[in-house]
Amino acid sequence: MFGNIAARYDLLNHLLSGNIDRRWRRRVAKSLYATLPSESHRTSRILDVACGTGDLSLMLFERGEARIIGIDFCRPMLEIANSKALKKGSSIPFIEGDAMELPFADRAFDAATIGFGLRNLASVESGIKELLRVLKPDGKLFVLEFSKPCTPILRSLFKVYFTKVLPVFGGLISGSRGAYEYLPDSVSHFPDQEKLASMMTEAGFDEVTFENLCGGIAALHIGKRPD
Ligand SMILES: C[S@@+](CC[C@H](N)C(=O)[O-])C[C@H]1O[C@@H](n2cnc3c(N)ncnc32)[C@H](O)[C@@H]1O
């Protein structure tokens with residue numbers, strides 16, 4: 001599915017969100033660098049899981065000096081990520097691999113991010129545990145994902161937009177209406193803010209917090225791997 005929409009994925013993201021997706025990824029990068037000790041920025045290793053076309057990896061590259069690796073299992077998405085990285089003068093390695101079985105040693109990364117990816121995994125619980133495995137003690141996970149709008153009015157408006165408007169425009173522009181019907185469907189089955197926070201805690205993360213973005217349309221969850 002992601003292979004079919006790869007060529008139009010970025011365009012549709014920016015168009016259908018009115019560019020708000022960029023602001024959300026910037027928020028992740030800002031929070032992440034704020035939590036890394038400044039003296040270790042250059043030596044820190046960050047893994048961006050389900051990196052897709054690399055927008056979050058590249059945002060992390062532009063806003064700091066850490067060493068970033070992107071991983072995704074969809075080659076057409078990775079090819080776009082690679083060509084964008086070349087244009088931006090970044091040498092981020094974009095690796096083909098499965099988020100459910102990351103090809104990295106335990107405790108390898110200072111931080112990990114997953115932007116609009118967790119919802120797509122075969123098991124959210126197992127995906128969170130796999131992310132925990134590759135983090136160093138005190139390493140942090142940043143999950144950016146669609147969530148539950150906080151007010152009934154926003155929920156209704158969002159539902160109409162997501163289920164009626166988005167599949168039509170997404171389908172027309174990408175040529176794959178199914179992918180843009182899958183999006184609202186997958187969001188409706190994804191745990192809300194509180195539930196995701198408790199799943200992260202149950203998986204073994206400490207100090208789990210979340211921040212609502214745009215009234216809860218999306219949320220940024222952060223958790224720390226204990227010692
Ligand atoms: C909605 S895109 C998000 C891409 C990017 N993180 C962003 O912020 O735009 C979801 C991505 O998750 C990837 N994905 C889904 N399941 C995966 C898995 N098990 N392993 C690796 N990547 C996966 C897809 O290939 C796709 O590129």
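Which residues make a nonpolar surface patch of about 300 Å²? The patch is formed by Val168, Phe169 and Leu172. The structure is a predicted model, in which local features require pLDDT of at least 70 and side-chain atom pairs count only at pLDDT 80 or more, while totals for chains, interfaces and linings use all residues. Residues are numbered from 1 along each chain as its sequence is written, and side-chain values use heavy atoms, with hydrogens and water left out.

**Surface patch**

Patches consist of residues with over 30% relative accessible area and no salt bridge, nonpolar side chains (Val, Leu, Ile, Met, Phe, Trp, Tyr) being joined within 5 Å and like charges within 9 Å. A salt bridge is a side-chain nitrogen of Lys or Arg within 4 Å of a carboxyl oxygen of Asp or Glu. Accessible areas come from the Shrake-Rupley method with a 1.4 Å probe, and for residues only the protein chains shown count as cover. Leu172 belongs to helix H6 (residues 152-174); helices (H or I, at least four residues) and strands (E, at least two) are DSSP runs numbered from the N terminus. With a relative accessible area of 67%, Leu172 is exposed; exposed means over 50%, buried under 20%, and partly exposed in between (1.4 Å probe, protein chains only).

**Ligand site**

The ligand is surrounded by 18 residues, and the closest are Tyr9, Ala50, Asp72, Ala99 and Gly115. A residue is counted as near a molecule or strand if one of its heavy atoms lies within 4 Å of it. Polar contacts (pairs of N or O atoms within 3.5 Å; within protein, one must be able to donate a hydrogen and the other to accept it, and residues adjacent in sequence count only if both atoms are side-chain atoms) are tabulated below.

| Residue, backbone N or O atom | Distance to a ligand nitrogen atom |
|---|---|
| Phe73 | 3.2 Å |
| Ala99 | 2.8 Å |
| Gly115 | 2.8 Å |

Taken alone, the ligand exposes 590 Å², of which the protein buries 96%.

**Strands and backbone**

In strand S1 (residues 45-49), 4 of the 5 residues are buried, so the strand is largely enclosed by the rest of the structure. S1 runs parallel to strand S2 (residues 67-72), to which 5 bridges join it; pairing requires at least two DSSP bridges between two strands. Ile46 stands opposite Ile68 in S2.

Most residues other than glycine have a negative phi. Asp138, however, has a positive phi of about 75 degrees. Asp138 lies in strand S5 (residues 135-146) and is partly exposed at 44% relative accessibility. Glu207 has a positive phi near 50 degrees. Glu207 is part of strand S6 (residues 206-213) and is exposed at 55% relative accessibility.
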